[in-house]
Amino acid sequence: MTLTTRLFIGFLIGCSTFCTAQMATYNYKRTLDDVTDEWHKLTLPDAVFGKVKSDLSDLRIYGTTVNDTVEAPYLLKIFSDKIIHKTIPFDIINKSKGSNGYYFTFQLHSEATINQINLNFKEQNFDWKIELQGSQDQQEWFTLLEDYRILSIKNETTDYKFTKLVFPDAKYSFFRLIVKHNEQPELVSAQLAEHEISGGSFIEHHIKKFETNDVKKIKTTEINLELDQPVSISQIQIDVSNTFDYYRPLKIEYRNDSVKTEKGWNYYYKTITNGTLNSLEANSFNFDNTIAKHLKLIIYNSDNQPLSIGKVSIKGYEHQLIARFTEPADYMLVYGNSSVRKPNYDIAKFTSKIPNSLDALSIGNEEIIEKLEQPKVKPLFENSYWLWGVIGVVILILGGFTLGMMRKS
């Protein structure tokens with residue numbers, strides 16, 4: 001056997017040992033069954049999120065054979081909403097007063113579909129009803145919105161504005177806005193757009209515990225929520241039972257730390273997002289993916305009576321791994337390692353080569369990866385008599401050297 005062959009075999013053995021040792025640095029594993037093709041997909045179970053890093057960078061797919069361990073590359077796909085917001089150019093060609101209020105006419109530069117108009121008025125405090133119409137020739141007008149409410153409130157405690165018009169897709173050359181108000185409003189600017197949201201896939205999570213507490217001293221309502229386990233969340237929807245108008249500042253927090261003291265547990269929360277709970281639009285709040293189990297919603301009531309909160313729903317985007325398997329092996333998903341970095345796989349640069357249709361893998365139950373115990377280093381002298389004997393010999397030798405030096409002197 002040549003030296004080159006020996007070195008190559010040694011390199012392969014070293015790689016196999018390295019991969020096996022790498023797997024031992026993770027805490028958990030799940031078997032992946034039915035690996036029959038080169039490409040497969042698998043949906044991450046909810047139970048995984050509480051045991052991985054917040055950026056999911058410690059997910060790995062390893063395969064074991066009789067003599068080797070291989071790593072399968074993967075892509076993490078999060079089925080978040082795909083938002084397309086296309087601004088449509090236009091001119092304001094008419095500002096006038098009529099029997100129903102003040103008119104603003106928008107003329108599009110070309111034929112286009114719009115379903116949203118954002119308005120910006122100079123006035124900072126108003127509560128108006130508007131009507132929106134569409135026409136191809138300014139002769140015949142068709143109503144798109146009627147008695148639609150827009151609102152702006154700005155004072156020492158509140159800064160809230162709702163001036164977005166949302167309506168079904170419409171394709172007209174002209175759009176006419178009618179503000180039903182006695183005094184002429186000053187329209188500073190407007191934005192006509194086609195707004196589309198698609199592609200998202202939500203998973204609704206069960207709320208295990210729901211507690212509401214009105215804190216009269218600081219005029220807030222606290223809603224404490226507990227999920228079955230830590231999961232990735234990205235949307236909270238709040239249903240309010242009251243039928244009167246309201247707009248209340250809202251803060252959404254999640255528990256990110258806790259400390260046990262002599263008096264009990266102290267819990268620390270981190271803000272996810274802020275918003276406004278109001279009666280004009282759907283109280284749905286989206287935010288970046290956050291892994292959490294305990295949540296706190298704080299509603300600032302000011303001098304108003306607390307709201308009656310109905311259902312609260314918590315959702316998160318589906319997380320999926322798309323993996324490539326090039327060798328037959330017993331594959332498993334491993335995770336739970338706070339010291340590893342995000343992997344850098346070649347397949348991220350060649351996504352066009354991934355088939356559109358993929359078979360899903362069956363994921364096994366979670367198992368704890370047993371750690372290899374480090375062999376204990378035994379003391380040089382397990383019996384203390386040996387140690388005292390050695391010390392005695394050393395003393396005799398040193399004493400002999402000392403007497404020898406004294407005689408010479």
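A: What follows describes the sheet, then a histidine in one of its strands, and then the salt bridges.

This is a predicted model, in which local features need pLDDT of at least 70 and side-chain atom pairs count only at pLDDT 80 or more, while totals for chains, interfaces and linings use all residues. Residues are numbered from 1 along each chain as its sequence is written, and side-chain values use heavy atoms, with hydrogens and water left out.

The sheet is open and has 4 strands in the order β5-β23-β2-β25, with mixed pairing; strands here are DSSP runs of E of at least two residues, numbered from the N terminus, and two of them pair if DSSP finds at least two bridges between them. At the edges stand β5 (74–78) and β25 (359–360), each with a single partner strand, so one side of each has no neighbour in the sheet. Strand β2 (residues 39–43) runs antiparallel to strand β23 (residues 319–324), the two being paired over 5 bridges, and Lys41 has Ile322 of β23 as its bridge partner.

Strand β23 also contains His319, which is buried at a relative accessible area of 3% (buried means under 20%, exposed over 50%, and partly exposed in between, with a 1.4 Å probe and protein chains only). A polar atom of the His319 side chain lies 2.9 Å from the backbone oxygen of Tyr317. When neighbours within four places in sequence are left aside, the residues in contact with His319 (heavy atoms within 4.5 Å) include Leu42, Thr43, Leu76, Lys77, Ile78, Ser232 and Asn289.

Turning to charged pairs, the structure holds 12 salt bridges, each defined as a side-chain nitrogen of Lys or Arg within 4 Å of a carboxyl oxygen of Asp or Glu. One of them joins the side chains of Glu131 and Lys180 at 3.6 Å, N to O, and this pair links distant parts of the chain, since Glu131 belongs to strand β10 (residues 126–135) and Lys180 to strand β14 (residues 174–180), 49 residues apart. Glu131 counts as buried at 10% relative accessibility, whereas Lys180 is partly exposed at 28%.

Glu211 and Lys209 meet through their side chains in a salt bridge of 3.5 Å, N to O; Glu211 is partly exposed at 39% relative accessibility, and Lys209 is partly exposed at 40%. In the salt bridge between Lys251 and Glu253 the closest N and O atoms are 3.4 Å apart, and both Lys251 and Glu253 are buried.

Key:
A polar contact is a pair of N or O atoms within 3.5 Å; within protein, one must be able to donate a hydrogen and the other to accept it, and residues adjacent in sequence count only if both atoms are side-chain atoms.
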